[in-house]
Amino acid sequence: MVVGNNKTLMIDAGNSEDHAKYFIKETLEHENATPDMVVLTHWHWDHIFDLPALPDTVLIASAKTRKEIEKILPFSWSDEAIDERVGEGTEIEFCAMAIKEEYKNHREIQVVLLDVTFDRRIEIDLGGVTCVVQHVGGDHAADSVIEYVKEEKILFLRDCIYPKMYAEKVHYTVKEILRLLDELDEFDADTYIPSHQRPWTKEEFRQETDKLRVIAKFTELCGADKQKITNEY
């Protein structure tokens with residue numbers, strides 16, 4: 001939650017309506033509060049399924065994210081439908097199991113479309129706090145965007161730094177990870193926040209990205225020879 005003098009911006013929605021309500025209660029800390037806006041970082045279920053809990057909030061995402069969400073609008077979310085999509089390769093077992101766990105007692109999933117879309121980059125003035133929202137893509141999701149809070153020098157990486165999961169094997173590609181890391185380096189940040197880990201300092205971010213760059217280099221040099229890559233590393 002990014003809080004300015006005039007507006008509040010929630011970064012990503014979440015797994016479910018319960019998830020959203022808990023997060024808002026803990027961050028905004030007053031009864032019946034809701035953020036003014038929410039920015040979605042990409043289309044994956046654990047970032048969008050709680051949008052029905054935000055009916056009075058302006059929903060913002062990239063045009064690419066809207067297109068991906070439109071694809072899942074007609075989906076059924078019964079166990080049988082989810083398993084069928086796993087079988088045909090449009091869903092992965094990891095996410096199928098997680099959805100079933102989050103919605104163990106009910107399966108009232110509603111996919112919501114967006115109010116505002118953008119192509120490359122927008123800046124949102126919250127009142128004394130400026131949030132830059134920029135599409136960066138990446139292996140994990142081609143529609144990934146990041147959020148940079150200028151005054152705080154905080155870069156919300158979200159999932160963009162992670163590998164591609166919707167594939168036969170979880171992986172990065174050399175060309176895409178190097179392009180992404182070059183783009184992230186353009187931001188002058190002191191704190192980096194990935195979705196599923198604790199925040200990183202600048203030094204920790206540099207360690208992570210240096211490791212990815214080195215492995216990408218050796219992958220290019222050694223091809224598919226895993227043992228040779230390991231030895232070089």
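Leaving aside its neighbours within four places in sequence, which residues is glutamine 134 in contact with? In this predicted model, they are Arg120, Arg121, Ser144, Val145, Ile146, Glu183 and Phe187. Glutamine 134 belongs to strand β7, which covers residues 130-135. Its relative accessibility is 3%, and since buried means under 20%, glutamine 134 counts as buried. One of its contacts is polar: the side chain of glutamine 134 meets the side chain of glutamate 183 at 3.0 Å.

**The sheet around β7**

Strand β7 is part of an open sheet of six strands, in the order β6-β7-β8-β9-β10-β11. The pairing in this sheet is mixed. Its edges are β6 (121-125) and β11 (200-201), each of which pairs on one side only. Within the sheet, β9 (residues 154-158) and β10 (residues 191-194) run in the parallel sense and are joined over four bridges. Arginine 158 has proline 194, in β10, as its bridge partner.

**Two nonpolar cores**

In soluble globular proteins, nonpolar side chains tend to be buried together. Here the largest nonpolar core has 29 residues. Those with the most contacts inside this core are Leu40, Ile48, Phe49, Leu51, Trp77 and Ile99. Several elements each supply at least two residues of the core, as listed below.

| Element | Residue range |
|---|---|
| α1 | residues 17-28 |
| β4 | residues 58-62 |
| α2 | residues 63-72 |
| α4 | residues 93-102 |

The largest share, three residues, comes from α4. Leucine 51 touches Ala13, Val38, Leu40, Leu59 and Val112, when residues up to four places away in sequence are not counted.

**Helix α3**

Which residues of helix α3 (residues 79-88) are buried? They are Ala81, Ile82 and Arg85. Seen down the axis of α3, these buried residues fall within an arc of 100°, so they line one face of the helix. The cover over them includes α4, the helix that also gives the largest share of the 29-residue core. On the other side of α3, Glu80, Glu84 and Gly87 are exposed. After α3 comes glycine 89, with a positive phi near 90°.

Note on methods. Residues are numbered from 1 along each chain as its sequence is written. This is a predicted model: local features need pLDDT of at least 70, side-chain atom pairs count only at pLDDT 80 or more; totals for chains, interfaces and linings use all residues. Side-chain values use heavy atoms; hydrogens and water are left out. A nonpolar core is a set of buried Ala, Val, Leu, Ile, Met, Phe, Trp, Tyr and Cys residues joined through side-chain atoms within 4.5 Å. Buried means under 20% relative accessible area, exposed over 50%, partly exposed in between (1.4 Å probe, protein chains only). Contact means heavy atoms within 4.5 Å. Two strands pair if DSSP finds at least two bridges between them. The arc is that of the directions from the helix axis to the C-beta atoms. A polar contact is a pair of N or O atoms within 3.5 Å; within protein, one must be able to donate a hydrogen and the other to accept it, and residues adjacent in sequence count only if both atoms are side-chain atoms.
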